[in-house]
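Please look through the sequence and the structure shown here before reading the briefing that follows.

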Amino acid sequence: MAKKNILVIEDNHAILDVITLILESEAFNVAGLNKGAGFIERVKEFEPAVIIMDIMLPDIDGRVLLKELKLNPLTQHIPVLMISARYNSSNYKLDDVAADDFMAKPFNIDELMDKIYALLRKSA
């Protein structure tokens with residue numbers, strides 16, 4: 001089976017590094033962004049099977065990126081796992097655009113992997 005691509009958008013370098021290491025150990029191809037600039041272009045070139053995205057980014061609200069992704073017919077099918085230390089699963093939506101799943105930080109690595117595999121199964 002071909003390796004799946006996962007795009008991680010997280011401005012905290014330590015968290016980005018940990019998620020990247022874990023996903024690479026599970027045989028995923030991982031690309032990381034630490035800000036929202038160039039997000040849609042990166043999605044189109046990398047073609048991720050799943051996107052893990054922080055809400056609080058230095059240059060843009062991750063929910064704005066989510067909305068842009070979900071309103072674009074070319075990218076709306078990509079499952080997104082939103083992560084946040086400030087928001088929770090009941091208050092993170094922007095204009096009723098929801099991610100496919102949500103996790104609060106700090107999170108458990110096993111829970112993260114369970115959610116990623118569930119999103120991959122759902123999108124297959």
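A residue counts as buried when its relative accessible area is under 20%, as exposed when over 50%, and as partly exposed in between, with a 1.4 Å probe and protein chains only. By that rule tyrosine 92 is buried, because its relative accessible area is 3%. The model is a predicted one, in which local features need pLDDT of at least 70 and side-chain atom pairs count only at pLDDT 80 or more, while totals for chains, interfaces and linings use all residues. Residues are numbered from 1 along each chain as its sequence is written, and side-chain values use heavy atoms, with hydrogens and water left out. Helices (H or I, at least four residues) and strands (E, at least two) are DSSP runs that are numbered from the N terminus.

**Aromatic pairs**

- A pair of aromatic rings is described by the distance of the centres and the angle of the planes.
- Rings of Phe, Tyr and Trp (for Trp, the six-membered ring) pair if their centres lie within 6.5 Å, and planes under 30 degrees apart count as stacked, over 60 as edge-to-face and the rest as tilted.
- Under this rule the count comes to 2 aromatic pairs.
- In one of them, the ring centres of phenylalanine 28 and tyrosine 117 are 5.8 Å apart and the planes stand at 45 degrees, so this pair is tilted.
- Phenylalanine 28 lies in the loop between helix H1 (13–25) and strand E2 (29–33), whereas tyrosine 117 lies in helix H4, so the pair ties together parts that are 89 residues apart in sequence.
- Phenylalanine 28 is buried, with a relative accessible area of 6%, while tyrosine 117 is partly exposed, with a relative accessible area of 30%.
- Tyrosine 92 and phenylalanine 102 form an aromatic pair that is stacked, with 4.8 Å from centre to centre and 20 degrees between the planes.
- This pair links distant parts of the chain, since tyrosine 92 is in the loop between strand E4 (80–84) and strand E5 (101–104) and phenylalanine 102 is in strand E5, 10 residues apart.
- Phenylalanine 102 counts as buried, at 9% relative accessibility.

**Helix H1 against helix H4**

- Axes are lines fitted to C-alpha atoms, for helices over the stretch in contact, and the angles run from 0 to 180 degrees between N-to-C directions.
- The axes of H1 and H4 come within 12 Å and cross at roughly 60 degrees.
- That makes H1 oblique to H4, given that angles under 35 degrees count as roughly parallel, over 145 as roughly antiparallel, 65 to 115 as roughly perpendicular and the rest as oblique.
- The crossing of H1 and H4 is right-handed, a crossing being right-handed if the near helix is turned clockwise from the far one by less than a right angle, and left-handed if anticlockwise.
- Val18, Ile19, Ile22 and Leu23 of H1 make the contact together with Ile109, Leu112, Met113 and Ile116 of H4, where contact means heavy atoms within 4.5 Å.
- The residues of the contact of H1 with H4 divide into 8 nonpolar, no polar and no charged, where Ala, Val, Leu, Ile, Met, Phe, Trp, Tyr, Cys and Pro count as nonpolar, Asp, Glu, Lys and Arg as charged, and the others, Gly among them, as polar.

**Helix H2 against helix H3**

- The axes of helix H2 (residues 39–46) and helix H3 (residues 62–71) come within 10 Å and cross at roughly 50 degrees.
- That crossing angle makes H2 oblique to H3, and H2 passes H3 in a right-handed crossing.
- On the H2 side Phe39, Ile40 and Val43 meet Leu65, Glu68 and Leu69 in H3.
- By class, this contact of H2 with H3 has 5 nonpolar, no polar and 1 charged residues.

- Leaving aside its neighbours within four places in sequence, lysine 115 is in contact with Leu81, Asp101, Phe102 and Met103.

**Backbone features in the loops**

- The peptide bond from lysine 105 to proline 106 is cis, with omega near -5 degrees, and proline 106 is found in the loop between E5 and H4.
- Glutamate 47, in the loop between H2 and strand E3 (50–54), has a positive phi of about 50 degrees although it is not a glycine.
- Glutamate 47 counts as exposed, at 62% relative accessibility.
- Aspartate 96, in the loop between E4 and E5, has a positive phi of about 60 degrees although it is not a glycine.
- Aspartate 96 counts as exposed, at 73% relative accessibility.
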